[in-house]
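Below are some notes for a colleague on the packing and ring contacts of this model. Please read them with the structure open.

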Amino acid sequence: MVSNAVRVAVGILGNAASMLLYAAPILTFRRVVKKGSVEEFSCVPYILALFNCLLYTWYGLPVVSSGWENSTVSSINGLGILLEITFISIYTWFAPKEKKKFVLQMVLPVITFFGLTAVFSSFLFHKHGMRKVFVGSIGLVASISMYSSPMVAAKQVITTKSVEFMPFYLSLFSFLSSALWMIYGLLGKDLFISSPNFIGCPMGILQLVLYCIYRKSHEEAEKLHDIDQEMGLKVVTTQKKITGRETEVQRD
């Protein structure tokens, strides 16, 4: 009883961390909307996150799990579905034609594959145990892919020596969410929840380490950029003053 109460408490904390994780890209997409461009941001992590949320929402529902034993899993991933769809829609709206095509080429197979998974698990398997194994196995692969996708951003950080396209809060909440859901899965002896988070934890730590290493380089680059802008503004202002004086002399 105590163990179950602890598991529920960890599940609630996991929900909170996951909600912050799913909401973290709001700052990124606020920038996208403000600039009217997706710049160098990739939509792959959000598409993989959508696939993961779809599968684990289904996994946590009574159709697959026994009763509402994993209600915390289905509830937070249901919210994740709404947020990921919103982010993908914004990305598609502001993306150039080539990237829009790429997004559609990824999203359509994801939705189709999830639909087939839901149908097969409902009609081919008649016991909760077998349904959990089937859906959980696919969810395991999806989770590993989702947690591995930020490595694209990590590679970009190492190449450019800038953390501009790897937001700190996204990395932090990814680590916290992985750690809590790993504990939740272990307490419930559910390997399909704990296993992918064994990978998510070190991935989150790696991102945080990279952020700490390259943050100073990014800050120095921003300072140099600001200085260049100020110098450029001063030069333009000085040129205008000189031009104005020359005009006055010519008039005299």
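1. Leaving aside neighbours within four places in sequence, serine 194 is in contact (heavy atoms within 4.5 Å) with Trp181, Met182, Gly185 and Leu186. Serine 194 belongs to helix 9 (residues 191-251), where helices are DSSP runs of H or I with at least four residues, numbered from the N terminus. With a relative accessible area of 0%, serine 194 is buried; buried means under 20%, exposed over 50% and partly exposed in between, for a 1.4 Å probe and protein chains only.

2. The model is predicted, and local features need pLDDT of at least 70, side-chain atom pairs count only at pLDDT 80 or more, and totals for chains, interfaces and linings use all residues. Residues are numbered from 1 along each chain as its sequence is written, and side-chain values use heavy atoms, with hydrogens and water left out.

3. The axes of helix 3 (residues 44-60) and helix 5 (residues 97-123) come within 10 Å and cross at roughly 10°; axes are lines fitted to C-alpha atoms, for helices over the stretch in contact, and angles run from 0 to 180 degrees between N-to-C directions. Helix 3 and helix 5 are therefore roughly parallel to each other, a label for angles under 35 degrees, whereas those over 145 count as roughly antiparallel, 65 to 115 as roughly perpendicular and the rest as oblique.

4. Across the whole structure, 11 aromatic pairs are found; rings of Phe, Tyr and Trp (its six-membered ring) pair if their centres lie within 6.5 Å, and planes under 30 degrees apart count as stacked, over 60 as edge-to-face and the rest as tilted. Phenylalanine 51 and phenylalanine 113 form an edge-to-face pair, at 5.9 Å centre to centre and 65° between the planes. Phenylalanine 51 lies in helix 3 and phenylalanine 113 in helix 5, so their pair ties together parts 62 residues apart in sequence. Phenylalanine 51 is buried at 13% relative accessibility, while phenylalanine 113 is partly exposed at 40%.

5. The rings of tyrosine 169 and phenylalanine 173 have centres 6.0 Å apart and planes at 25°, so this pair is stacked.

Note on methods
Helix = DSSP H or I, 4+ residues; strand = E, 2+ residues; numbered from the N terminus.
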